[in-house]
Amino acid sequence: MSRFAATLFDGKSSAARAVNVEQDGKTLSICGSDGDFIRADPLDGCRITPPLGKTRRTIYLPDGARLDTDNQDAVAELELYDTKHPGMKLVHGLESRWGLVVFSLAGLVLCVWFFIAYGIPLLADKAASSVPTAMMETVSDRALSQLDKRFLEKTELPKPRIAEIRSYFNEIAGNMKGDRHFRLLFRKSPQIGANAFALPSGKILVTDDLIKMAESRKELAGIFAHEMAHVQERHGLRMVFQNAGVFFVISALFGDVVSATSLGAALPTMLVERGYSRQFERQADLAAGKYLIRRMGSTKPYRRILQRLAEKSGRNSAPSMISTHPGVKNRILRLKNLEKIRK
Ligand SMILES: [Zn+2]
């Protein structure tokens, strides 16, 4: 039972009359403002106009007379009894419930966020693992020629030193699990300083500055194992796909839009300027740490060179293995802890 004020038009004349309406879920009883009974109509013979925002609502009575009212709540309540227009009831219900609208928007934002945070990386992983080996070679070669053009110069390390380090690298590569083929390349780069990065095909680049900075071969072992893990986990392509976003990823999964050229062009920027995600860095450090503990019993030499790289990158504004590999303090701590767990 509820009451609301309305204006009654009898359908015969244009005269309007202020009335009070009372409804009990079955009948509308209409009285004048003085309390005199005017008429009663069965609710299921009435027609309510569809709602349009907050505009005035009209209830048509069975004989063509009509009631106009501004009381939205009262009409909404009447509509609850109106089984002939359940759809309109829903529309109006949604429209008039701002809380629900805001809640739906929040839900939508959450869905989009969830897709970006989890969906895209997942799709990127799938896309990265669906890139065939031959294409990975082409992509890597293109990226390398871009890097050579933009950042790298011919190495100036003495040949015997190169041979010595390469044979040490091959030894580590031979001990690595998996079937990836690794090759070590040397480059000089005043621009990017002491640095190392991996191409998806398994080519790993080190700069002369990094080699000079290493105080022992053991220090390089951690760097090599770390870069090899990036290759094994396909981190390079996964980052490129993640950065490129969903369209790039979907076209890689289902179509032929992604070419070796576009991937080869995106890779150098990712490697030198943007870097991997922290998650990928952690994964690569974990793999390197495990390897070092397994083979040498300690992660200490790797931690030492990371520390030195961090100190140096503080003075140097050029991107380095450290500045593109953030959180060096945490990384060192994690490697230390790994040692405790493994011993
Ligand atoms: Zn890394």
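The model is predicted: local features need pLDDT of at least 70, side-chain atom pairs count only at pLDDT 80 or more, and totals for chains, interfaces and linings use all residues. Residues are numbered from 1 along each chain as its sequence is written, and side-chain values use heavy atoms, without hydrogens or water.

**Helix α7 with helix α11**
- The axes of α7 (residues 217-232) and α11 (residues 278-296) come within 8 Å and cross at roughly 135°.
- α7 passes α11 in a right-handed crossing (the near helix is turned clockwise from the far one by less than a right angle).
- Contact means heavy atoms within 4.5 Å. Residues making this contact include K218, A221 and H230 of α7 and F280, E281 and M296 of α11.
- The contact residues divide into 10 nonpolar, three polar and three charged.

**Helix α5 with helix α11**
- The axes of α5 (residues 159-175) and α11 come within 12 Å and cross at roughly 100°.
- α5 and α11 are therefore roughly perpendicular.
- Y168, I172 and N175 of α5 meet Y291, R294, R295 and M296 of α11.
- Four of these residues are nonpolar, one is polar and two are charged.

**Nonpolar cores**
- A nonpolar core joins buried nonpolar residues through side-chain atoms within 4.5 Å (buried: under 20% relative accessible area, 1.4 Å probe).
- The largest core has 38 residues, and F224 and M228 have the most contacts inside it.
- α7 gives this core its largest share, seven residues.
- Another core, of 27 residues, lies apart and includes F151 and Y276.

Definitions and conventions:
Axes fitted to C-alpha atoms, helices over the stretch in contact; angles between N-to-C directions. Helix = DSSP H or I, 4+ residues; strand = E, 2+ residues; numbered from the N terminus. Nonpolar A, V, L, I, M, F, W, Y, C, P; charged D, E, K, R; others polar. Parallel < 35°, antiparallel > 145°, perpendicular 65-115°, else oblique. Buried < 20%, exposed > 50% of the residue type's maximum accessible area, 1.4 Å probe, protein only.
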